[in-house]
Amino acid sequence: SLIGDIYKAKGDLSSSSKYYFDALKHYNSTGNTLNSIKLLTAIGDMYRASGALDKSLTFLFLAEKISNQAKINKHIPYINARLASTFFELNFADSAQWNIFNSRNLFLQEMRDKEKGLIWNNLLYRYSNSSLTSAKLIGDTSLILENLNLLGAYYRITGDYEKSILYYKEA
């Protein structure tokens, strides 16, 4: 929904959400799977932007699942980039965000913070690297730059500063 995108750009996530969900209902009722996938990705990114990282992952994983089931692969690089961005932000989530996320993901409750960081970093790498490979194949310069920056951030977080610099320079 373009109107939802505009409200998101303005920072009005409540209005953005309304338009996104209205459009999603329409696309689902008309069987427009590709646009449903795109909207689920947009909704996931809207939640990421608002700091609701658990909801972000819910919608992004749903977009990924439907893409795989419907064998619609052309949007997967964008979903993967959004997933990588969400996992990047999970590295810096405050304790309140962790508590919300943990309450919905019981397996994480017993993990120490260091282990959680390793999971987020590995997922950040997996999704950004996959998205970068696809972006290069389809020639999407914007997506290439986004993923080079995410990989630079990954290597910075993990302490591999030389690789971090290489990715940032390539971006």
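Reader: Which residues in H1 meet Leu13, Ser15, Ser16, Tyr19 and Tyr20 in H2?

Author: The model is a predicted one. In it, H2 contributes Leu13, Ser15, Ser16, Tyr19 and Tyr20 to the contact with H1. By class, this contact has five nonpolar, three polar and two charged residues. The residues on the H1 side are Ile3, Gly4, Asp5, Tyr7 and Lys8.

Reader: Are H1 and H2 roughly parallel or roughly antiparallel?

Author: The axes of H1 and H2 lie 7 Å apart, and the helices pack at an angle of about 165 degrees. Angles over 145 degrees count as roughly antiparallel. H1 is therefore, relative to H2, roughly antiparallel.

Reader: Is the crossing of H1 and H2 left-handed or right-handed?

Author: The answer concerns the way in which H1 passes H2. That crossing is left-handed.

Reader: Which helix gives the most to the lining of the largest pocket?

Author: The largest pocket holds about 370 Å³ of space. At least two lining residues come from each of H1 (2-10), H2 (13-30), H3 (33-50), H5 (76-90) and H8 (141-157). With six residues, the helix that gives the most is H3.

Reader: Which residues of the lining lie nearest the centre of the largest pocket?

Author: The lining comprises 20 residues. They divide into eight nonpolar, five polar and seven charged. Asp5, which also belongs to the H1 side of the contact with H2, is one of those nearest the centre.

Technical notes
Residues numbered from 1 in each chain as written. Predicted model: local features only at pLDDT ≥ 70, side-chain atom pairs only at ≥ 80, totals over all residues. Heavy atoms only, no water. 1 Å grid on protein atoms, 1.4 Å probe; cavity = no way out; pocket = protein on both sides within 12 Å on 5 of 7 lines; lining within 4 Å. Points joined across faces, edges and corners; volume = space filled by probe spheres on them. Helix = DSSP H or I, 4+ residues; strand = E, 2+ residues; numbered from the N terminus. Nonpolar A, V, L, I, M, F, W, Y, C, P; charged D, E, K, R; others polar. Axes fitted to C-alpha atoms, helices over the stretch in contact; angles between N-to-C directions. Parallel < 35°, antiparallel > 145°, perpendicular 65-115°, else oblique. Left-handed = near helix turned anticlockwise from the far one by under 90°. Contact = heavy atoms within 4.5 Å.
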